[in-house]
Amino acid sequence: PVTGLAAISFRDPNRIELIDVGTGKTVKRIPTPDPARHLSLAAPGGPVLAPIEYVDELLRIELPSGKASSVAVGDFPHDAAQAANGRIFVSDEGGDTVSVVDGDSVEVALPSPEQPGGIAVSGDTVAVVAVAAREVAFLDADTLEQVAVLGGGAGPSHVVAGPDDGSNRFYVTDTGGDAILVYEGGDEPRLLD
């Protein structure tokens, strides 16, 4: 809503297109070395975060200009989310780590339960879905400490943060269990429903 643009990842050729939502016309094409499976907004108005799995990099695409920069991250980056403190958290699905990007480089690679997939931030809590481990890990975005690891149902895959209303809610798709799991983050994360 801030820029009036939608960002969409395409294959053959690999690219991200910025599309004017009012006209439906492409206003910018950004070539990518491989397709991005997931795109997210770091904040209202951008940049767009695009993990490129097969080349182990995170693209940041400024809006509305489309100017792209990249940061080398861990093995097979799957998803990314930015915290209020400016750090970007990238789930490295092939490396069982979460790369913490601060500025133009990885500050640290944090261990994660097996096969981190979806990742989201609410308040100062980061939720990471560990697909193979069937768990959800919660990190403190400021201290980088793991606060909790909770069960993730029969087959969790992705997570989105709830509204920015202080509730610190996360919604996890339990694909294997045909359910949406609702968690509360914070100092003592817990499964709500």
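User: Which strands each supply at least two residues of the lining of the largest pocket?

Analyst: The model is predicted. In this model the largest pocket holds about 550 Å³ of space. Of the 21 residues that line the pocket, the closest to its centre include Leu41, Gln82, Val121 and Ala161. The strands that each give at least two lining residues are S4 (40-41), S8 (77-82), S12 (116-122) and S16 (156-161).

User: How do the residues of the lining of the largest pocket divide into nonpolar, polar and charged?

Analyst: Ala42 is among the lining residues closest to the centre of the largest pocket, and Ala counts as nonpolar. For the lining of the largest pocket, the division is 14 nonpolar, five polar and two charged.

User: Is strand S10 mostly covered or mostly exposed?

Analyst: Strand S10 spans residues 97-102. A residue is buried when its relative accessible area is under 20%. Five of the six residues of S10 are buried, and the strand is mostly covered.

User: Which residue in the turn between S9 and S10 has a positive phi?

Analyst: S9 (residues 88-92) runs antiparallel to S10, and five bridges join them. Ser91 has Val98 of S10 as its bridge partner. The two strands form a hairpin with four residues between them, and the turn residue with a positive phi, about 55°, is Asp96.

User: Which residue takes a positive phi in the hairpin of S10 and S11?

Analyst: S10 is also joined to S11 (residues 105-111), by six bridges in an antiparallel arrangement. Within this pairing, Val100 faces Val108 of S11. Two residues lie between the strands of the hairpin, and the one with a positive phi, near 75°, is Gly103.

User: What is the bridge partner of Glu17 in S3?

Analyst: Strand S2 covers residues 15-20 and pairs with S3 in the antiparallel sense over five bridges. In S3, the partner of Glu17 is Arg29.

Technical notes
Residues numbered from 1 in each chain as written. Predicted model: local features only at pLDDT ≥ 70, side-chain atom pairs only at ≥ 80, totals over all residues. Heavy atoms only, no water. Buried < 20%, exposed > 50% of the residue type's maximum accessible area, 1.4 Å probe, protein only. Pairing = 2+ DSSP bridges. 1 Å grid on protein atoms, 1.4 Å probe; cavity = no way out; pocket = protein on both sides within 12 Å on 5 of 7 lines; lining within 4 Å. Points joined across faces, edges and corners; volume = space filled by probe spheres on them.
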